[in-house]
Amino acid sequence: ANLSNAQMEGVKFGELPFLTEKRGVNCCAYSPDGRDCIFGLDDGTISVYDTSTWTKTRTLQGHKDNVTCAVYSPSGQRIASSSEDNTVRLWDAQSGVPGPILSGHTNLVRSVAYSPSGYQIASGSDDNTVRLWDTQTGAPGPILSGHTNRVWSVAYSPSGRQIASGSDDKTLRLWDAQTGAPGHILSGHTNRVWSVVYSPSGHQIASGGGDDTVRLWDALTGAPGPILIGHTDWVQSVVYSPTGHQIASGCDDKTVRLWDAQTGAPGPILSGHTNLVTGVVYSPSGHQITSGSVDRTVRLWDAQSGAPGSTLSGHTDWVRSVVFSPSGHQIASGGDDKKVRLWDVRTGAPGLILSGHTLNIQSTVYSPSGHQIASCSSDNTVRLWDAHTGAPGPVLSGHASYISSVVYSPSGHQIASGSWDNTVRLWDAQSGVPGLILSGHTGGVRSVVYSPSGHQIASGGNDMTVRLWDAKTSEPGAILSGHTDRVRSVVYSPSGHQIASGGDDGTVRLWDAQTSAPGPILSGHTDGVLAIAYSPSGHQIVSGSIDLTVRLWDVNSGQCLAVVGDFHGPVTSIAWSATPNGTYFVTGCGDKSIRMWQVVEEDHHCYTVNLWWTTTPDTLSVSNASLRGVQGLSAMNMRLLEQRGATCESISASSFREEE
């Protein structure tokens with residue numbers, strides 16, 4: 001993109017920058033005025049950030065173990081923090097000077113909360129109790145006993161009259177905040193209660209649990225309300241928006257999910273963290289959400305759209321396979337979300353979703369007629385589908401381990417599948433009846449392909465070899481040796497005279513399909529090659545790698561013609577298509593995206609690769625963007641662009657404004 005001299009005040013890139021910490025982030029909290037945000041780390045320190053620039057202003061040191069929770073007082077003048085060193089500590093929020101140390105718990109302190117008046121603190125501990133403290137003197141108050149296991153979370157009602165606590169005993173308990181007298185016991189979670197919070201009105205309580213759910217409760221009667229289902233792991237943090245209309249939950253499944261607080265209806269899913277999400281909080285304005293994670297980052301999100309990553313149009317996990325239909329009008333993709341998805345080639349618009357596999361899909365392929373699709377999965381099966389209606393057909397069972405590759409013969413009458421049981425199996429494409437078994441590999445088979453004539457099969461495997469087979473008799477042929485690590489992908493040239501193989505050794509190797517003689521070695525990738533494909537002319541090869549790049553090669557010379565970057569996950573699959581309007585290839589990636597690219601030959605052997613369309617990415621790509629003389633760029637967007645690889649030296653500090 002050329003954004004030279006652009007006026008960018010108020011521009012939204014669809015995502016916000018993230019902050020990097022030296023240790024895992026356990027909790028986060030905004031100051032009441034929204035000008036500061038604190039994060040408790042697992043090295044016992046608390047980081048304080050100015051939210052206008054998201055720069056760190058100070059570090060609070062004193063705890064001797066992990067900081068489990070940190071909160072501001074209602075006035076914003078103090079901070080309270082709890083730790084695995086069995087204490088609660090108070091701090092001056094402006095200067096960072098430490099105040100009283102609240103000692104009394106006999107085990108780890110998991111949670112701390114200020115009363116709305118600011119005069120009292122409640123803390124929950126692994127000693128199975130909630131303790132109350134005077135915030136001015138640090139003097140202990142009532143001890144709330146009743147839980148039969150660790151207390152993970154405590155919260156005051158907005159009136160300050162009630163306290164709620166959640167525990168490993170699977171219950172929430174309500175208490176009188178003045179006397180400590182016990183109230184209702186809320187039962188329903190089938191595992192520990194990690195987090196508990198009151199709605200701003202005080203009429204509702206939300207809790208997150210080890211049973212992967214968020215549960216809503218009537219705060220007055222204790223009656224259960226909607227159960228919010230969607231997370232796939234423990235829900236560690238739950239919080240209401242300032243208006244009370246929305247709930248955000250952070251989970252061990254690495255996501256933050258948004259929900260309608262009244263109906264429990266799911267909203268956007270915020271994806272980006274690469275490890276457990278331990279804390280989530282709304283800014284006082286309600287416009288922004290901040291989440292902290294064990295991945296040592298703090299991520300910022302738009303509370304309405306959920307950007308980044310909330311509007312992914314399609315796969316919700318890695319895309320493992322992409323392929324064009326024979327007509328070139330449709331693409332099929334398969335991924336770790338167990339779905340086969342169909343797309344319009346011209347616009348990228350989503351079509352049918354084919355469901356049935358019970359584990360991640362490794363490969364998808366069209367029959368030569370285009371009427372059928374075959375998909376293979378880690379559930380040890382190949383499934384056949386009607387490409388027009390999505391109706392399921394036969395399920396091909398027989399492999400003893402997961403199936404990594406599936407392909408049709410050129411006639412369309414036969415299917416071959418390669419598996420981690422070290423075999424290639426042949427099947428009747430119409431009935432699904434099993435045929436010959438090709439045995440010889442001494443490791444799992446990663447890739448299998450028919451020659452264009454249909455007379456030969458090539459397979460690549462974990463034994464670092466490519467093996468050739470007679471497709472009719474299953475007799476073994478030549479063994480192509482040379483790779484120094486697993487062979488991930490094997491493909492024939494359109495003429496059938498050449499074979500290309502990609503391996504974990506980072507190379508693409510070319511072979512004569514008749515004599516098995518080795519040809520050029522295409523070197524340049526810095527990690528394993530997962531996918532390779534010939535152009536329809538056979539003159540170029542495209543390869544995708546774990547190194548987050550795609551490379552375009554000249555087959556005859558072995559020269560690298562172009563490198564495409566800005567992928568945010570391994571490139572797992574590639575397919576080519578030639579149309580009257582140009583030559584294109586499509587990529588499937590571990591960043592959940594499917595992208596279509598146009599290959600343009602500008603001069604002899606001078607190529608450019610242009611993005612044609614993409615499913616909504618979860619990360620901004622701005623490498624090589626021209627940003628000279630940009631005006632009005634905010635400090636937050638400046639940070640985001642730098643994180644995403646833009647060259648920003650020519651943008652002076654005076655050319656962007658601070659965030660309000």
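I started with strand E11 (residues 120-125) and strand E12 (residues 129-134), which run antiparallel and are joined by 5 bridges. Strands here are DSSP runs of at least two residues, marked E and numbered from the N terminus, and two strands pair if DSSP finds at least two bridges between them. Opposite Ala 122 I found Leu 132 in E12.

Housekeeping: this is a predicted model, where local features need pLDDT of at least 70 and side-chain atom pairs count only at pLDDT 80 or more, while totals for chains, interfaces and linings use all residues. Residues are numbered from 1 along each chain as its sequence is written, and side-chain values use heavy atoms, leaving out hydrogens and water.

Next I looked at the sheet: 4 strands, open, antiparallel, in the order E10-E11-E12-E13. Its edge strands are E10 (109-114) and E13 (140-145), each pairing on one side only.

E37 pairs with strand E38 (residues 414-419) in the antiparallel sense over 5 bridges, and Tyr 408 has Ile 415 as its bridge partner in E38. I noted that the two strands form a hairpin with 5 residues between them, and that Gly 412 in the turn has a positive phi of about 85°.

Last entry: Thr 290, in strand E27 (residues 288-293). Is Thr 290 buried or exposed? Thr 290 is buried, with a relative accessible area of 0%.

How values were computed
Buried < 20%, exposed > 50% of the residue type's maximum accessible area, 1.4 Å probe, protein only.
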